[in-house]
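Have a look at the structure first.

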2 protein chains.
Amino acid sequence: MITTKERLVMRYSEQRDIIYNFVLSSYDHPSALDIYSSLKGDYPKLSLGTVYRNLNALVSKGLIKRIEVSDGYDRFDKTLMEHTHLLCVKCNKMSDVELSFKDIINKEYSFKVISYNSLFRGICNKCLKEEEK
Amino acid sequence: MITTKERLVMRYSEQRDIIYNFVLSSYDHPSALDIYSSLKGDYPKLSLGTVYRNLNALVSKGLIKRIEVSDGYDRFDKTLMEHTHLLCVKCNKMSDVELSFKDIINKEYSFKVISYNSLFRGICNKCLKEEEK
DNA sequence: TCTTTAGTAGTAATCATTACTACTTACAAA
DNA sequence: TTTGTAAGTAGTAATGATTACTACTAAAGA
């Protein structure tokens, strides 16, 4: 007999399913508000609090990753491997960097890394080219 | 004749002087509230808004650096060279890393880095040793 | 010494996020 | 299949770091 306490999986919820699938199918690191705005049309009863709560649940279950952006909305990522992000200050697009700084820190310093947030702000290649015109 | 518009230096203010010197003399990357709490004893009329305003002014003049900590208080740093930070989740101490990830990003990716924030959360050497006891 | 305007104290507002409350629903057991 | 219960939801209020506002103060050029 499985008691409630022992049940570790989450109960099914359509809202969480929708939110999770939205993150899985997006390539632009959406914020909670992005997700809410995009889904509100098809699911008018969806609440912003539900989006936040489920994103937190998905993060704590390790199904998605949170990207901390201190001066604005946090963003969410389907890529589970910890990695670094580039945020273009012109077009606001966020892209990925595959370099693992974590390994460098673990090796070079006596510091046991649990998680990290590396965000580089600058101008992406596309915006640089447009400036040259 | 120097008009107000042309005057680029800030007017002297005792509050800013005190706040700036506090950051210069600290090694633990204080937050605005840390600074306010530490100085309030000696300067009872000091306002938290003044601390925030002057920290922002000092950052925008390039005299100190802001370290963005998304889930809590931002912290401030006298070290002007951009660098990476380690934050111990046990003792909350913040320390510096001299590695320049900026150069790596600039070289390996077509991305013009303007600023960056790299924060590694984990357990510092001292806390690791205490866990072993 | 004036005059101007940057700076300050104290307080209200902002805004991303979380907490709360009454209602709804998944799902295990009867 | 029905029912009991606790997890999930919608809608709204609260939180908390930071910023804005307003009347007052003071640095410093004329």
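A word on classes before the tour: Ala, Val, Leu, Ile, Met, Phe, Trp, Tyr, Cys and Pro count as nonpolar, Asp, Glu, Lys and Arg as charged, and the others, Gly among them, as polar. Keep in mind that this is a predicted model.

By those classes, the surface near DNA strand D is made of six nonpolar, eight polar and six charged residues. Of the 20 residues around DNA strand D, the nearest are A:Arg11, A:Ser13, A:Thr50, A:Arg53 and B:Tyr52. Helix 3 of chain A brings the largest share of the surface near DNA strand D, three residues.

Here are some distances to phosphate oxygens of DNA strand D:

| Residue | Polar atom | Distance to a phosphate oxygen of DNA strand D |
|---|---|---|
| A:Arg53 | side chain | 2.5 Å |
| B:Tyr12 | backbone | 3.1 Å |
| B:Tyr73 | side chain | 3.2 Å |

Now for chain A itself, which splits into domain 1 (4-77) and domain 2 (84-132). Their C-alpha centres sit 23 Å apart, and nine residues of domain 1 contact nine residues of domain 2. Between them, the two domains bury about 740 Å², with carbon and sulfur atoms giving 45% of that. On the domain 1 side, A:His29, A:Ile67 and A:Arg75 supply 53% of the area buried against domain 2, more than any other three residues.

Notes
Residues numbered from 1 in each chain as written. Chains lettered and ligands numbered in written order. Predicted model: local features only at pLDDT ≥ 70, side-chain atom pairs only at ≥ 80, totals over all residues. Heavy atoms only, no water. Domains from an automatic or database assignment. Contact = heavy atoms within 4.5 Å. Buried area = accessible area lost by both parts, 1.4 Å probe. Near = heavy atom within 4 Å. Polar contact = N/O pair within 3.5 Å; in protein donor to acceptor, adjacent residues only side chain to side chain. Helix = DSSP H or I, 4+ residues; strand = E, 2+ residues; numbered from the N terminus.
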